[in-house]
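Here are my notes for a colleague who is opening this entry for the first time. Please read them with the structure on screen.

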Amino acid sequence: MSVEKGREITISVLKFNPRSAVSKPHYVDYKLEETPGMTLFIALMKIREEYDPDLSFDFVCRAGICGSCGMVVNGKPALACRTLIANYPEGKLTLLPMPAFELIKDLSVNTGKWMDAMSKRVESWIVDNGEETDIAKMEERVDPDIADQTFELDRCIECGICVASCGTMLMRPNFVGPVGMNRVARFEVDPHDKRTAEDFYELIGDDDGIFGCMSLLACEDHCPKHLPLQNKIAYLRRKLVALR
Amino acid sequence: MKINYCDALVIGGGLAGLRAGVAAQKKGLSTIVLSLVPVKRSHSAAAQGGMQASLGNSKMSDGDNEDLHFADTVKGSDWGCDQDVARMFVHTAPKAIRELASWGVPWTRVREGSREAVINAKKTTITEDADRHGLIMSRDFGGTKKWRTCYTADATGHTMLFGVANEALKHDVDIRDRKEALSLIHEDGRCYGSIVRDLITGELEAYVAKGTCIATGGYGRVFKQTTNAVICEGIGAAIALETGVATLGNMEAVQFHPTPIVPSGILLTEGCRGDGGILRDVDGHRFMPDYEPEKKELASRDVVSRRMIEHIRNGKGVPSPYGDHIWLDISILGREHIEKNLRDVQEICQIFNGIDPADEGKKGWAPVLPMQHYSMGGIRTKPTGESQNLSGLFACGEAACWDMHGFNRLGGNSVSETVVAGMIIGNYFADYCLANDVTIPTATVQKALDKQDAYLDEILAYNGTEDIFRIKNRMQNLMDQKVGIFRDGTGLAEAVDELEELLKKTKQINVKSKERVGNPELEEAYRVPRMLKVALCVAKGGRERTESRGAHYREDYLKRDDANWLNRTLTSWPSEDDTQPTVTYEDLDIMTMEMPPAFRGYGAKGMIIENELSAKRQEEVDTLKEKMEAEGKDRHEIQDALMPFSLPMNYKEKNERAGDK
């Protein structure tokens, strides 16, 4: 092990418990020594274990796969598990919970509730003609390119970072968000889904859907999975506007 | 007291739990799935490499079938598995994958024509037939005869999880997240549901159901170095253990994966090696062929992990601030392949280690070291998934010891098990719920809830000097050091003693904040004692088992001992005041096996203490096979004569294949 001391970093966290009668939003600064390869996952776990066992935040996979740990880091929403402290030369990180979602406590927000509602709203599942598939028989063939295209859009991890980045969300609380539109784009490509453009129009063909987007591009800028959100939103908008 | 009634209660919202939930809901039962986290964040999402199912679509998997998958699984298990269950599994897996395809999982598909692949570090051309174009593709994984692992790039678990979760939403399964089961409600040998804590409000609620199915995943977090998500703490197994009635099976069977990246422990999928990646030592030398000339990097995981550590012990590890490691080289696969099929692997290397694994030569090599990965042990069940002792309690997925993995599981068989067990056990579970009523007085429910309520108050009132985080860290380090890849009697005995001490110390802690809501330290304080009980089952089971089988490797007992240890370890916790589990055994019956114990085909030869019944049964099997073949019977009829098995629904139907004659 290297004996060289790491630099001192400051992690400033907005703490607030909306379920407490006495809690008020306030910042707490934690100073700790940086270790090689330290991510916000490592730093926050250390803070909880050594300085503040009361600090609330969410991690599951700690590998950028599950989308649990979205938070606002120095003004930008990001996955905390993939945020390397070394990328912040000033050594100070200010952490806030993501906006647009219900606050649970401190850095923890209720993305699950929001995403379930979104999924139900855009009917985020295969809508077929109602026939049961005989699973003992050969599977339906899918062109490998189409399967790849579907997969590209299926990579969304519902971290909520696009939602927290979205200007329209701030003005329209019922906005379906980039994640919802991406979901529609995903099922539109999937040959198993028998819905038509008209069916999708019914779901998102209004100002709370595809026509509400202001094309500010922050969703795509911040998406940790690099999904082509703006392209897909523009494509859907052209396709759906042509229907009316 | 708030009581939530439903027909079918599923605890755990990963692939297994959600699929079981769909099965119950589809049979018309009101079904609730409880999950610690939003279900699409479950650890199932982390499965990168793929799902084994013997479709036999692509060139390299042509001719695959259930028999080959069965044989690989039994060998992989080092003959520790339940062969009935393995048969049920391999027969349903092709159906599961086809069902998932119809639910929208965008499996990577076969493309007709030629492509380059790396096999045994050499570029090879594979040509796919035109009549297979568009069928589900598969890749190579360790310990399998054919390329059988179906995949979506390296995000298989993610796409499967979203497919199944979306299907659950479609069928209106009542999914409730941020809910933690604290105990099971049970009386007179029957389970009636669970006492549950809402992780947002802190409120305790009772869930009363006709049947309860635990699908909470593995217990990797009792170890320090693990590929598991932070929620994989084995609590589902622990609350089953704490009933004092249900038992846990084979808890000492813990798998270590060869290639998590150092130091974060994030997994680089077996797909890396399956696609042709190789392991190198400090000199850049590819060492696996020296140890395993036949299967090389693609021997089973237990074997590869041990060979790596062995090679490091021989002084060939790469020194680093985090200890010695081995290199994983996938650069030989070419940038194009990596950027398409191993993109998450590339991202993990880039983000967490600043390496681009597509860079040629040493620059692109990733530091890897075996770490805890999978829990073969879990809640012991019958082939229907029901607990052997506690009626109405079912378990499926990694939380269960349904036991198709025995003492080592093959890559691609776990994510496959989640949905296959979800289908099979989910249906048996639903049938149980249809056939049984709830007959429990609310006073019994109230008592179970009051007990958990009082326990939380008791924890907050502890006034000792110990720290729950330190106890947890000590447990994790101890498990790594003494209950790891290489084990011996002395280390295991020390581990059992110290874990017992740590369990006692969990009552001598002091929780700083006395809040009942939003208090992470309180949550640790009630979880860690349960984790310690699980850890004690692992360590004590390991201490008693004086042989090496699959992933359980004793340096003081190097041979697999079929004469004395062809059995399953059962651990129970009969009294709350106990500080150690009670260990008993369940024998495996060679004379009913379709495949009696033999050499696995990889690892060292001659390391078996034979059971005399193996040869006897083998002769029986051979004679019957020969006779039936002479009579012109097909492989299905022969299999049925050797070891008949049953399945729910129409899952017993034959699987159609492109290669059918």
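1. Start where the chains meet. The model is predicted. In it, 71 residues of chain A are in contact with 79 residues of chain B.

2. Next, the area. An interface is often sized by the accessible area lost when its parts come together. Here chain A and chain B bury about 6,200 Å² between them. Carbon and sulfur atoms carry 53% of that. On the chain A side, the residues that lose the most area to chain B are Arg62(A), Ile135(A) and Glu139(A). Together these three make up 13% of what that side buries.

3. Now the charged pairs. How many salt bridges are there between chain A and chain B? The count is 10. A salt bridge also links Glu347(B) with Arg82(A). The closest N and O atoms of that pair are 2.7 Å apart.

4. Turn to the nonpolar cores. The largest has 194 residues. Which residues have the most contacts inside it? They are Trp107(B), Leu268(B) and Leu499(B).

5. Look at Leu499(B) in detail. Leaving out residues up to four places away in sequence, Leu499(B) touches Met475(B), Leu478(B) and Met479(B), among others. Its list of contacts also includes Leu532(B), Ala535(B), Leu536(B) and Ala539(B).

6. Chain B has an open sheet of 3 strands, in the order β13-β14-β15. The pairing is antiparallel. Which strands form the edges? They are β13 (278-280) and β15 (366-368) of chain B, and each pairs on one side only. On average, neighbouring strands of this sheet are turned by 40° against each other, direction ignored.

7. Stay with that sheet for one pairing. Strand β14 of chain B covers residues 326-329. It is joined to β15(B) by 3 bridges, and the two run antiparallel. To find the place on screen, pick Ile326(B): Val368(B) in β15(B) stands opposite.

8. Finish with β16 of chain B, residues 371-375. Is this strand mostly covered or mostly open? It is mostly covered: 5 of its 5 residues are buried. Strand β12 of chain B, residues 254-257, pairs with β16(B) in the antiparallel sense. That pairing runs over 4 bridges. Within it, Gln255(B) has Tyr374(B) in β16(B) as its bridge partner.

Terms used
Residues are numbered from 1 along each chain as its sequence is written. Chains are lettered from A and ligands numbered from 1 in the order in which they are written. This is a predicted model: local features need pLDDT of at least 70, side-chain atom pairs count only at pLDDT 80 or more; totals for chains, interfaces and linings use all residues. Side-chain values use heavy atoms; hydrogens and water are left out. A nonpolar core is a set of buried Ala, Val, Leu, Ile, Met, Phe, Trp, Tyr and Cys residues joined through side-chain atoms within 4.5 Å. Buried means under 20% relative accessible area, exposed over 50%, partly exposed in between (1.4 Å probe, protein chains only). Contact means heavy atoms within 4.5 Å. Two strands pair if DSSP finds at least two bridges between them. Axes are lines fitted to C-alpha atoms, for helices over the stretch in contact, and angles run from 0 to 180 degrees between N-to-C directions. Buried area is the accessible area (1.4 Å probe) that two parts lose on being put together, summed over both. A salt bridge is a side-chain nitrogen of Lys or Arg within 4 Å of a carboxyl oxygen of Asp or Glu.
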